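Please keep the sequence and the model in view while reading.

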Amino acid sequence: MRDALREFVLDGATLRAASDGVPLAGLVPVGPRFRWQPDGRPCSVRRTWLDTFDWRLYRAGLTLELTSRPRGPAEYRLTGRDGELIAAQPANQAAAARAAATSGSRSPRAAPQSWLISALPEGPLREQLAPVVGVRALLPVARAVSTARQLRVLNDDDKTVARVTVDQMAPGPKAPGLPPRLVITPLRGYVSQADRLAELLTDVDGVTEASIGPLEQALAAAGRHPGDYTGKISVRLEPQQPAAAAVASVLTSLLDTLEANVPGTIRDIDTEFLHDLRVAVRRTRSALKLAGDVLPAGLAARFRPEFKWLGDLTTPTRDLDVYLLGFGGMAAGLVAASPADLEPFRAHVARKRAVEQRQLARGLRNPRFSRLSRDWREALAAVPASRRARPTARTLADQRIRKAHRQVLADGAAITPASVPEALHDLRKRAKELRYALEIFGSLYDPGAHWQAIRELKALQDCLGMFQDTQVQMDELRAFAGEMMAGQTVPAATLLAMGEVAAGLARQQHAARSEFAGRFRDFAGPGGQSRILALTGEARG
Amino acid sequence: MKILATYNIKGGVGKTATAVNLAYLAAKAGHRVLLWDLDPQAAATFLFRIRPRVKGGGKALIQGTRTLDAAIKGTDFDRLDLLPADFTYRNLDLLLDSARKPERKLGRLLAPLRSGYDVVFLDCPPSISLLSESVLHAADVLLVPLIPTTLSVRTLDQLTEFIDGFEGKQPGILAFFSMIDRRKRLHKEIATTLPAQRKDVASTAIPALSIIEQMSVQRAPVVSFAPRSAAARSYVELWKEAADRAGLAAD
């Protein structure tokens, strides 16, 4: 089984006292049956911690570290919450150099694909990481240089029963050192000896159990903390807060998210930077539509067209991303055609995406975007925060959620088997507005009731999304086929395979259309309605 | 997970020295390695300074009341663990005899370790028995040390014939000459000519050198305490051939 590390922090005086001869031997007598032994000379290790931009590894209780020694081997180490080793894999020098060469910023300079999980060597490490990381890139999040002094505790057979590392870590080669750490690594089958050693250490003056790990220590030195980015709306609103101030704070938080994703989108590091950026734009546009009237006069009207421009700028690349991300599933679903037949189609979409990505990057570097970003932040900061202003955040949230909910009910009830696809598309937009209203004001409500309301709405949204997305994909597929025919390079087998994909999409759309009535009934039924009313307080009145 | 077994019906031919040194080299190459010392004499266990004792003995392991995982001990070397020998292993044949499909038992016991190890070395006692049959079925590659005599080549042929009779999976065989005395003409002759004639005989031969015997004094693999010695160099070459045969990266 994997054994947890025992970690301690030493104060400076203890380390100095321990630095002569066999460190700690005088400080921590390990009894007659055991003895300390130094293990090689102190060595310097360059450490780079990697995680996705949205901290997927940290949130899953995992830590990925790339360690390298000067002119020595480099290694990836994946550890669990207690520091126990889960997987290790030698890294090539190129990976180590790339991680070390990247600046302290969160946007790596190396070619984007080199940070994707597919760039890691195949093996247990990649297998463990893949389901957690998904399509996100693994980026350097912190760096440090450690001078590690290794020791062993031996039993009376001179067998090592525990390894001990005294680690003096600094955020950079010339940066001041952080409090030194002492780490006991138990050997498999010798856990009780490591526990005994840990007990002895806790009794030594100047030695305390470590409350944070080395990653947190390195991040803190850089003024950061793990989990400092999330795509979710994390701002906490107060029910009695003036609505204008609450809306402004949500919008400011959305602008933070948007801006945080711009460098990664321009560098095209992974597809989720653009996805999160688009979600922030859509939420902003919905918030302006839902509650823009509580902001100072003219503010929403001034910025709405700008955010529409930004949304439109990002759409073509994302649409093509969706195609490319779903390509594996699309190919796997073929019955008559071979997955290889679709390859020219994938290459065509990839070429189009490269063109659109360049357009997108140009747009985000355009002064229009920096002006929008700057002016919007300034305008939000100038929103008056008078304590007595009315309505309150909670009153506004209740009203707007109920209004959005009524709109979904009305539009949904008007849909019959004869309704045109546009009617379902409009309903999807209304459902999205309700979803965003619930998310924007989420912190004002009881988490359990709020989660339940979102869950019911999500089931309806999934059905509407499937209907609409398959329609868009079928239309695009026809357009792609036309473009490829015009280029006169498309093999007949590819067109046949694309036809099979289109038929599959049509089947999915038909299934979604058949499911709609049931899904809407569940959402609009008495149970669903009363939950929204209870959530927003109407049932009380 | 690849399983490599050092096997020969004869004792004292260098099985344990090979298992210990190759396991060390495999771990050094970055593989997660387990060495199971199946010999009740516990030579490999002694060389790694580990006490030759398994709670519940061989019976608990074979009957599954104790998992192999729980009995494993870390050696002094990174990525290299040992499943120690126990004196009760002398009864493994009897225990296997009462198990269902005894010739497959070892493979079944090792299967749960698949996610934790890349390579398993089995160091077998010298015998031909139900245990060795189970080892032959579990192994991907058999490492067979041969003393350079005409008789030992005949034994290799018998082993090959026996394995040819297996239904389904058959281990690959990599025989190699061990304890070569360069001063003896016969040793030199056989060690040179046979690898050229037979694919199942490695081109590397392990010389008879006193530094290999020093392992029991140093209680460590020769490749760790005398990495530049002729013996260590021979084990490195043998590891390359064994890794190639098993489809593993050698460094």
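Two residues are in contact if their C-beta atoms, placed from the backbone, lie within 7 Å. The structure is a predicted model.

In chain A, helix α9 (residues 299–325) and helix α11 (residues 343–365) have axes that come within 9 Å and cross at roughly 150 degrees. Since angles over 145 degrees count as roughly antiparallel, α9(A) is roughly antiparallel to α11(A). The crossing of these two helices is left-handed.

On the side of α9(A), the contact involves Leu313(A), Thr314(A), Pro316(A), Thr317(A), Leu320(A), Asp321(A), Tyr323(A) and Leu324(A). They meet Val349(A), Ala350(A), Lys352(A), Arg353(A), Glu356(A), Gln357(A), Leu360(A) and Gly363(A) of α11(A). By class, the contact of α9(A) with α11(A) comprises eight nonpolar, four polar and four charged residues.

## The α13 and α14 pair

A further pair in chain A is formed by helix α13 (residues 393–413) and α14 (421–440). The axes of α13(A) and α14(A) come within 9 Å and cross at roughly 160 degrees; the two helices are therefore roughly antiparallel to each other. The crossing of α13(A) with α14(A) is left-handed.

From α13(A), the residues in this contact are Arg400(A), Ile401(A), Ala404(A), His405(A), Gln407(A), Val408(A), Asp411(A) and Gly412(A). Those from α14(A) are Asp426(A), Leu427(A), Arg430(A), Ala431(A), Glu433(A), Leu434(A), Ala437(A) and Leu438(A). Eight nonpolar, three polar and five charged residues make up the contact of α13(A) with α14(A).

Helix α15 of chain A covers residues 447–487. Its buried residues are Ala453(A), Leu457(A), Leu460(A), Gln461(A), Cys463(A), Leu464(A), Phe467(A), Thr470(A), Gln473(A) and Met484(A). An α-helix has 3.6 residues a turn, so residues three or four places apart point the same way.

Which helices do the buried residues of α15(A) pack against? They pack against α11, α14, α16 (492–524) and α17 (526–535) of chain A. Just after α15(A), Gln488(A) has a positive phi of about 60 degrees.

## Chain A as a whole

The secondary structure of chain A consists of 17 helices and ten strands. The C-alpha trace of chain A spans about 90 × 70 × 45 Å along its principal axes. Of the 541 residues in chain A, 36% are buried. Among contacts in chain A with a separation of 6 or more, 71% join residues 24 or more positions apart.

The domain assignment divides chain A into domain 1 (6–207), domain 2 (233–388) and domain 3 (400–541). Nine residues of domain 1 of chain A are in contact with ten residues of domain 2 of chain A. The domain 1 side of that contact has seven nonpolar residues, one polar residue and one charged residue.

## Selected residues of chain B

Most residues other than glycine have a negative phi. Lys101(B) has a positive phi, near 40 degrees, and is found in the loop between α5 (92–97) and α6 (102–110) of chain B. Lys101(B) is exposed, with 11 other C-beta atoms within 10 Å. Met179(B) also has a positive phi, near 60 degrees, and its place is in strand β7 (residues 172–180) of chain B. Met179(B) counts as partly exposed, with 19 C-beta neighbours inside 10 Å.

Is Thr45(B) buried or exposed? With 25 C-beta neighbours inside 10 Å, Thr45(B) counts as buried. Thr45(B) is placed in helix α2 (residues 43–47) of chain B. Apart from neighbours within four places in sequence, Thr45(B) is in contact with Asp37(B), Ile50(B), Pro52(B), Leu82(B), Pro84(B) and Ala85(B). Thr45(B) and Gly56(B) are eleven residues apart in sequence, and their C-alpha atoms are 17 Å apart in space.

Notes
Residues numbered from 1 in each chain as written. Chains lettered and ligands numbered in written order. Predicted model: local features only at pLDDT ≥ 70, side-chain atom pairs only at ≥ 80, totals over all residues. Domains from an automatic or database assignment. Nonpolar A, V, L, I, M, F, W, Y, C, P; charged D, E, K, R; others polar. Axes fitted to C-alpha atoms, helices over the stretch in contact; angles between N-to-C directions. Helix = DSSP H or I, 4+ residues; strand = E, 2+ residues; numbered from the N terminus. Parallel < 35°, antiparallel > 145°, perpendicular 65-115°, else oblique. Left-handed = near helix turned anticlockwise from the far one by under 90°. Buried ≥ 20, exposed ≤ 12 C-beta atoms within 10 Å, placed from the backbone.
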